[in-house]
Amino acid sequence: ENIVVLSPFAEHRSLVGRFLARDDKTRSERWLRKQLDHPGSGKIRCRSVFKFKGLDADAVVLTDIGDTAKAFTAEQDLAFTDLLYVALTRAKYRCIVLTSA
């Protein structure tokens with residue numbers, strides 16, 4: 001019930017944002033789209049790590065973790081490890097990290 005997907009990036013640049021921007025191709029994609037909180041009616045919330053700072057959820061799925069996220073945090077004059085810390089500590093019980101290729 002209380003799941004959030006977090007990304008270092010804003011919605012349009014995140015994995016979830018790119019998924020939501022494309023057309024549904026399969027039944028599973030249609031089901032997933034209904035579960036996502038976009039624009040607010042779904043069961044799974046999607047936010048940037050920065051917008052979710054100070055909040056928590058039972059389960060957190062952290063996406064878009066890889067070289068692009070490292071470069072992004074460096075451009076913003078932020079420490080990548082600080083971003084990871086904030087993201088990982090939003091989870092009360094479970095955190096899943098999905099790295100990008």
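The model is predicted. Its open sheet has four strands in the order 2-1-3-4, paired in parallel. Helix 3 spans residues 67–75 and has A69, F72 and T73 as its buried residues. The salt bridges number two.

**The sheet**

- Strands of a sheet pair through backbone hydrogen bonds, in either a parallel or an antiparallel way.
- In this model the pairing is parallel, and the strand order across the open sheet is 2-1-3-4.
- Strand 2 (44–48) and strand 4 form the edges, each pairing on one side only.
- From one strand to the next, the twist averages 20°.
- Five bridges link strand 1 (residues 3–7) to strand 2 in the parallel sense.
- Within strand 2, I44 is the residue opposite I3.

- A69, F72 and T73 are the buried residues of helix 3.
- These residues lie on the same side of helix 3 because they cover an arc of only 95° around the axis.
- An α-helix has 3.6 residues a turn, so residues three or four places apart point the same way.
- D67, A74 and E75 are exposed on the other side of helix 3.
- The packing partners of the buried residues of helix 3 are strand 3 (57–65) and helix 4 (80–88).

- Helix 4 lies across strand 1, strand 3 and strand 4.
- Relative to strand 3, helix 4 runs at about 150°.

**Salt bridges**

- Side chains of opposite charge can pair when their charged atoms come close.
- The model has two salt bridges.
- One of them joins the side chains of E29 and R22, with an N to O distance of 2.1 Å.
- E29 is buried, at a relative accessible area of 14%, while R22 is partly exposed at 38% relative accessibility.
- D58 and K92 form a salt bridge in which the closest N and O atoms are 3.8 Å apart.
- Because D58 lies in strand 3 and K92 in strand 4 (residues 91–99), this pair ties together parts that are 34 residues apart in sequence.
- D58 counts as partly exposed, with 28% relative accessibility, and K92 also counts as partly exposed, with 46%.

Note on methods. Residues are numbered from 1 along each chain as its sequence is written. This is a predicted model: local features need pLDDT of at least 70, side-chain atom pairs count only at pLDDT 80 or more; totals for chains, interfaces and linings use all residues. Side-chain values use heavy atoms; hydrogens and water are left out. Buried means under 20% relative accessible area, exposed over 50%, partly exposed in between (1.4 Å probe, protein chains only). Helices (H or I, at least four residues) and strands (E, at least two) are DSSP runs, numbered from the N terminus. The arc is that of the directions from the helix axis to the C-beta atoms. Contact means heavy atoms within 4.5 Å. A salt bridge is a side-chain nitrogen of Lys or Arg within 4 Å of a carboxyl oxygen of Asp or Glu. Two strands pair if DSSP finds at least two bridges between them. Axes are lines fitted to C-alpha atoms, for helices over the stretch in contact, and angles run from 0 to 180 degrees between N-to-C directions.
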